[in-house]
Amino acid sequence: MTLGITITKFLLEEQRKYPGSTGNFTGLFSDLVTAAKVISREVNRAGLIDILGSTGYKNVQGEEVQKLDEFANRTIIQTMEHGGWLCSMASEECEDIIPIPDDYPRGRYLLLFDPLDGSSNIDVNVSVGTIFSILRCECTDKVSVKDFLKPGTEQVCAGYIVYGSSTMLVYTTGHGVHGFTLDPGVGEFLLSHENITIPERGKIYSINEGNSRYWYPGTARYIEHLKNGNSTYSARYVGSLVADFHRNLLKGGIFLYPADRKSKNGKLRLLYEANPLSFIVEQAGGMASTGEKRILDIVPEELHQRVPLIIGSKRDVQEAERFWKEG
Ligand code: AHM
Ligand code: MG
């Protein structure tokens, strides 16, 4: 590992590899990094400042909005709207797309994000994260929801920030997956995990077993197989997708939030959660599926569409798919 490579330096070096590039993407990403640092600072002070607990109202998904959810959402919008890189944004916390105010220039990209994933864990000091996805915008004047409804294969960049024992940013632009750890003393994200690859098979499975009474036979039989098959698997379920995904990415394993009798389309959101993580996992050599098809091939129909998600080490996901299809 080379020490001391800041994310800015890494991005500039990447940019130089593509002579035609304008630097717009690097600018956009730098603003995103600033937002991540601000959210990280606030997450780390939770408990000391009045940021814990619920705002008392529900979001578009019908879920309680936490104060930190709202803070993270506002921070990203305010940090990103004036840079001139974006055409529009969409957030898991906002019902409609977020326009760029008329006083600011418009750019060529669309940003989609889940500002604070796993927010039900905030109050108990468990890791949470931010997930983002960037699309190129072909639109000219008026941006509409339709511009966001692109399959995951069209993402130009995807990433997440996990606010854990340290704060880490992991991203891909389709040229491998790279991870940076925030050095709080320096205030910079430094390259700590270059070219991350996920083991072909893992030894961890992550699923909410509390839902087992609603599982379809394919899921039930697959989990039974993991428990009683030839190799021993450990169950690990944080309940923060970013944290569960990050652990499995580094160690190998499988995460499932499948369709079941309670959640016919799963729980997780295609545009803000499944697509970005699927882009990352594929770039790292893993796989992501609904059980029936590749996540990245789905053509979205709605902004807040949910999707069943089975994601992780390639051979584990292939096996889960087999059980799903037989079930
Ligand atoms: P959120 O985006 O509102 O935080 O919800 C998504 C979270 C994921 O982080 C996590 O994997 C999942 O919901 C946990 O759901 P459950 O509590 O049903 O197991
Ligand atoms: Mg989420």
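Me: Which residues does F180 touch, leaving aside those up to four places away in sequence?
Reply: The model discussed here is a predicted one. Contact requires heavy atoms within 4.5 Å. Beyond four places in sequence, F180 touches I5, I7, F10, T167, M168, L169, Y171, F189, L190, L191 and S192.

Me: Is F180 buried or exposed?
Reply: F180 belongs to strand β9, which covers residues 177-183. A residue is called buried when its relative accessible area is under 20%. Because the relative accessible area of F180 is 0%, F180 is buried.

Me: What distance separates the C-alpha atoms of F180 and E194?
Reply: Along the chain, F180 and E194 are 14 residues apart.

Me: Where in the chain is D260 found?
Reply: Strand β13 spans 254-257, and helix α6 spans 270-283. D260 is found in the loop between β13 and α6.

Me: Which side chain of opposite charge is nearest to D260, and how far away is it?
Reply: D260 is buried yet has no salt bridge. A salt bridge would need a side-chain nitrogen of Lys or Arg within 4 Å of a carboxyl oxygen of Asp or Glu. For D260, the nearest side chain of opposite charge is that of K262, at 6.1 Å.

Me: Which backbone atom does the side chain of D260 reach at 2.9 Å?
Reply: A polar contact is a pair of N or O atoms within 3.5 Å. At 2.9 Å, the side chain of D260 reaches the backbone nitrogen of K262.

Me: Which residues does D260 touch, not counting those up to four places away in sequence?
Reply: D260 lies in the loop between β13 and α6. With residues up to four places away in sequence not counted, D260 touches N211, Y214, W215 and Y216.

Me: What is the phi of N125?
Reply: N125 is found in the loop between β5 (109-117) and β6 (128-136). N125 counts as exposed because its relative accessibility is 75%. Although N125 is not a glycine, its phi is positive, at about 60 degrees.

Me: Is V238 buried or partly exposed?
Reply: V238 is found in the loop between β12 (234-235) and α5 (241-251). Together with V124 and V126, V238 makes a nonpolar surface patch of about 210 Å². Because its relative accessibility is 32%, V238 counts as partly exposed.

Notes:
Residues are numbered from 1 along each chain as its sequence is written. Chains are lettered from A and ligands numbered from 1 in the order in which they are written. This is a predicted model: local features need pLDDT of at least 70, side-chain atom pairs count only at pLDDT 80 or more; totals for chains, interfaces and linings use all residues. Side-chain values use heavy atoms; hydrogens and water are left out. Helices (H or I, at least four residues) and strands (E, at least two) are DSSP runs, numbered from the N terminus. Buried means under 20% relative accessible area, exposed over 50%, partly exposed in between (1.4 Å probe, protein chains only). Lys and Arg count as positive and Asp and Glu as negative; His and the chain ends are not counted. A polar contact is a pair of N or O atoms within 3.5 Å; within protein, one must be able to donate a hydrogen and the other to accept it, and residues adjacent in sequence count only if both atoms are side-chain atoms. Patches are made of residues with over 30% relative accessible area and no salt bridge: like charges are joined within 9 Å, nonpolar side chains (Val, Leu, Ile, Met, Phe, Trp, Tyr) within 5 Å. Accessible areas come from the Shrake-Rupley method with a 1.4 Å probe; for residues, only the protein chains shown count as cover.
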